[in-house]
Amino acid sequence: MLDLHSHVLPGLDDGAADMAEAVAMCRLALDDGTKVLAATPHWYPSRQPPTAQDIALAVQGLRDELAAQGLPLDLVAGAEVALDPDLPRLARAGVLPTLGGGPYFLLECPPHTSPRLLPDLIYSLRLAGLRPILAHAERTWEGGRDWGWLSGLVDQGCLVQVTAMSFTDRLGSGAKKAAEALLTQGLVHLVASDAHSASWRPPGLSEASAMLERLAGPGAAEALLCLAPAAVLAGEEPPPVPLPTRRRMFFWRK
Ligand SMILES: [Fe+2]
């Protein structure tokens with residue numbers, strides 16, 4: 001499995017507190033079946049964020065430590081870029097940190113961001129050659145029922161990422177309902193851990209993998225946890241994801 005959202009780099013944000021915790025998180029990811037982990041520290045344009053080079057250096061530091069400890073986890077550099085009116089200019093300047101240096105990047109919107117703010121921004125980012133991935137949409141717009149506006153953004157070239165724990169009920173029933181609704185409507189392209197620590201928000205996708213298979217059937221977990229993230233890192237279009245059937249949803253909710 002490939003996990004494209006984590007706060008594993010020590011000292012850059014509210015994720016891993018130090019190198020020991022970063023290594024512990026990587027060990028948990030590996031033990032759970034993750035082979036590739038993207039390090040995506042929070043990136044706030046107005047708060048002097050780390051440069052792509054700063055992030056690359058931190059990734060290399062962790063890679064060196066993993067190699068020293070014999071842990072064969074592949075790390076990819078990225079960031080979780082916060083919504084900001086300056087993003088189009090930064091995109092044109094080529095300074096937005098993207099996943100593995102490709103066209104895709106994680107875009108984090110504040111809770112309940114008005115969907116009206118997004119189409120023009122997405123248009124500008126696409127013109128600059130970038131593909132935003134809306135981070136943890138089920139939490140940002142928790143409680144949402146009508147996701148028609150999100151389909152419009154997907155038509156513009158956005159992808160949607162949902163947090164693995166949302167499918168397992170650990171982030172509350174609101175996030176779980178929203179995650180299920182998005183999956184049912186074909187609006188989930190990636191599932192990732194958004195891991196912040198080795199304890200309260202650890203990495204790990206296998207539990208969500210089992211849930212996705214139960215909910216959407218064979219092939220759903222592979223599409224969302226393997227094929228789609230691999231396509232994103234290759235700068236390609238993600239594959240279609242099997243949709244949950246009514247029968248499966250009925251048994252899922254029992
Ligand atoms: Fe995050």
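Me: How are H1 and H2 oriented to each other?
Reply: In this predicted model, H1 and H2 are roughly perpendicular to each other. The axes of H1 (residues 19-31) and H2 (residues 52-68) come within 10 Å and cross at roughly 65°.

Me: What is the handedness of the crossing of H1 and H2?
Reply: The crossing of H1 and H2 is right-handed.

Me: Which residues meet there?
Reply: From H1, the residues are Met19, Ala22, Val23 and Cys26. They meet Leu62, Glu65 and Leu66 of H2. By class, the contact of H1 with H2 holds 6 nonpolar residues, no polar ones and 1 charged.

Me: Now H9 and H10. What is the angle, and how far apart are the axes?
Reply: H9 (residues 206-216) and H10 pack at an angle of about 140°, and their axes are 7 Å apart.

Me: Why are H9 and H10 called oblique?
Reply: An angle over 145 degrees would count as roughly antiparallel, and 65 to 115 as roughly perpendicular. The angle of H9 and H10 is about 140°, so the two helices are oblique to each other.

Me: Which residues make that contact?
Reply: Ser209, Leu212, Glu213 and Ala216 in H9 meet Ala220, Ala221, Leu224 and Leu225 in H10. The contact of H9 with H10 divides into 6 nonpolar, 1 polar and 1 charged residues.

Me: Ser209 is on that list; is it buried or exposed?
Reply: Ser209, in helix H9, counts as buried, with 22 C-beta neighbours inside 10 Å. The cut-off for a buried residue is 20 or more.

Me: What does Ser209 touch?
Reply: Not counting residues up to four places away in sequence, Ser209 touches Met1, Ala221 and Leu225. Val191 is 18 residues from Ser209 in sequence, and their C-alpha atoms are 9.1 Å apart in space.

Me: How many residues does the largest nonpolar core have?
Reply: The largest nonpolar core has 82 residues. Those with the most contacts inside this core are Val8, Phe105, Val160, Leu182, Val191, Leu212 and Leu224.

Me: Which helix gives the most to this core?
Reply: Helix H10 (residues 220-233) gives the most, with 8 residues. In soluble globular proteins, nonpolar side chains tend to be buried together.

Me: What else is in contact with Ala39?
Reply: With neighbours within four places in sequence left aside, the contacts of Ala39 are Ser6, Val8, Leu9, Val59, Leu75, Ala77 and Gly78. Leu225 is 186 residues from Ala39 along the chain, and their C-alpha atoms are separated by 16 Å.

Me: What about Gln60: buried or exposed?
Reply: Gln60, found in helix H2, is exposed, with 12 other C-beta atoms within 10 Å. Gln60 and Ala77 are 17 residues apart in sequence, and 9.1 Å apart in space from C-alpha to C-alpha.

Me: Last topic, backbone angles. What is phi of His112?
Reply: Phi of His112 is near 60°, a positive value in a residue other than glycine. Most residues other than glycine have a negative phi. His112 is placed in the loop between strand E6 (104-108) and helix H4 (118-127), and His112 is exposed, with 11 other C-beta atoms within 10 Å.

Me: And phi of Asp169?
Reply: Phi of Asp169 is near 75°, again a positive value in a residue other than glycine. Asp169 is in the loop between helix H7 (164-167) and helix H8 (173-184). Asp169 counts as exposed, with 12 C-beta neighbours inside 10 Å.

Methods:
Residues are numbered from 1 along each chain as its sequence is written. This is a predicted model: local features need pLDDT of at least 70, side-chain atom pairs count only at pLDDT 80 or more; totals for chains, interfaces and linings use all residues. Axes are lines fitted to C-alpha atoms, for helices over the stretch in contact, and angles run from 0 to 180 degrees between N-to-C directions. Helices (H or I, at least four residues) and strands (E, at least two) are DSSP runs, numbered from the N terminus. Angles under 35 degrees count as roughly parallel, over 145 as roughly antiparallel, 65 to 115 as roughly perpendicular and the rest as oblique. A crossing is left-handed if the near helix is turned anticlockwise from the far one by less than a right angle, and right-handed if clockwise. Two residues are in contact if their C-beta atoms, placed from the backbone, lie within 7 Å. Ala, Val, Leu, Ile, Met, Phe, Trp, Tyr, Cys and Pro count as nonpolar, Asp, Glu, Lys and Arg as charged, and the others, Gly among them, as polar. A nonpolar core is a set of buried Ala, Val, Leu, Ile, Met, Phe, Trp, Tyr and Cys residues joined through C-beta atoms within 7 Å.
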